[in-house]
Amino acid sequence: MGETTISKQQMDTDNPLGRKPIGKLLRSFAVPSVVSLLVNSLYNIVDQIFIGQGVGYQGNAATTVAFPIVTIVLSLSMLIGAGGSAYASIRLGEGKFDVAEKVLGNMMTILIVAGLALCGICFLFFEPMLRLFGATDSIMQYAKDYAGITLLGVPFMMIGTGLSNMARTDGSPKMAMLSMIIGAILNTILDPIYIFVFHWGVKGAAIATITSQILSAVVLIWYFKYKGNMRLKKKYLKPEAKLIMAFCALGISSFIVQIANTLLQVILNNSLVYYGNASTVGGDVALSAMGIVLKVSAILIGINIGIGTGAQPIVGFNYGARKPKRIKETYLLSVKIATICSVVGWIACVFFPEYLLMIFGSGDANFMDFAIKSMQVYMFGIFISGIQIVSTGYFQATGQALKASVLSMLRQIILLIPLIVVFPLFLGLDGILLAGPVADIASGLIVLFFIIKEMKKLNLWIKEG
């Protein structure tokens, strides 16, 4: 079958992305996107809260060690899901519905294959992997119990994350949100039952998580099989290398962000153990405390990513439809909202850290003192994260894959990882904390430089009509 091409007039009439007010569109897309990403983060946060209450800080340290597995899964899911979503949005803007539907089918196939392959590789190198991620002898068994069960849910986590991106492009952000909320509610119900009633400890938390991820994946598969505008069709499940490479190229920036998070987590975990043991804080305490800080960071970053992700289908569609005014309006509104959210989060972390930490359980004075200090120092530059994340998403949505990829590497790979290695050589454990705000502020300013140039180009496009 050849490509089905819809006329521009019909496209504008049929698709609300090309005609509805930007404010309403962004709200309808960004709110479910934010909720979906926050719910995704809550899987690990809820586990950490209940484990902190039921097992203690060593159990929480184990979840910190296992967290790189989650970021690896997310990296592949975003490579496929965010790339496919961006590519499909542009094709829909051009009126090429069949191509977008073919992307959906190809996405489904490689999400399954990649999930199974990743699961197998991780089990093959299980204990060395956990050692690499920072597991000490005192928390190794906890890490094995939690990570071993978590790995079984990897294929479902990939399907859920990947298809939720496409659901937003399909015009159903609420379905993406609903699938995550259903899973999160189930996870929140099962966690205390498995940990406190059945006394399964960290194993119970992991079982609750993968059960919930399976449910989320099933909901999205059902949607695309029976209810979506785009449908999962058998003829489109056969992978096409050229198509896969095309849409994965647009997902590289999202992939880099997540894989950089994995590399960052590994280096950070090992640095915390090493420099923590060399100080009065202790390696396990430093690992557990920073694990909580990073979970709070994931919430704030998740909000910004959700806003940027919600804006992407609008930007992508209107880029394909050649509507620069709507592109600019979408970007400016989304970056304004993301910045406000970032500043509010910054105020909470810097001025009220003890209230955030109380959610995850209490510890001795040594633990609480370092955790408060970590929150205040490491998160000091979070106020600028909205500009960086939304702007990088803008370049991705407009098909500027190379620029999006380079800018997405700024914070983690180009700045933060080297700073985490260098600063502690002179400042010890405090150097790890200081690396965070330096990387945040520097990367935000660099991205701001690029987006100012991009806005000038967009203004010129608008003037030319």
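Residues are numbered from 1 along each chain as its sequence is written. In this predicted model, local features need pLDDT of at least 70, side-chain atom pairs count only at pLDDT 80 or more, and totals for chains, interfaces and linings use all residues, while side-chain values use heavy atoms, with hydrogens and water left out.

A search of the whole structure gave six cavities of 30 Å³ or more. A cavity is a set of points, on a 1 Å grid over the protein atoms alone, where a 1.4 Å probe fits but cannot get out; grid points are joined across faces, edges and corners, and a volume is the space filled by probe spheres set on the points. The largest cavity holds about 900 Å³ of space. Its lining (residues with an atom within 4 Å of a point) consists of 44 residues, and Val-257, Gln-258, Asn-261, Ile-301 and Ile-305 lie nearest the centre. Helices are DSSP runs (H or I, at least four residues), numbered from the N terminus. Those that each supply at least two lining residues include H2 (22–54), H3 (57–93), H7 (154–169) and H10 (241–277). H11 provides the largest share, 10 residues. By class, the lining has 18 nonpolar, 23 polar and three charged residues, where Ala, Val, Leu, Ile, Met, Phe, Trp, Tyr, Cys and Pro count as nonpolar, Asp, Glu, Lys and Arg as charged, and the others, Gly among them, as polar.

Glu-101 is placed in helix H4 (residues 97–124). Leaving aside residues up to four places away in sequence, Glu-101 is in contact (heavy atoms within 4.5 Å) with Asn-229, Met-230, Arg-231, Lys-233 and Tyr-236.

Two residues that are not glycine have a positive phi. Most residues other than glycine have a negative phi. His-199 has a positive phi of about 60° and is located in the loop between helix H8 (173–197) and helix H9 (201–227). His-199 is exposed, at 63% relative accessible area. Arg-322 also has a positive phi, of about 60°, and is found in the loop between H11 and helix H12 (324–351). The relative accessible area of Arg-322 is 54%, so this residue is exposed.

How values were computed. 1 Å grid on protein atoms, 1.4 Å probe; cavity = no way out; pocket = protein on both sides within 12 Å on 5 of 7 lines; lining within 4 Å. Buried < 20%, exposed > 50% of the residue type's maximum accessible area, 1.4 Å probe, protein only.
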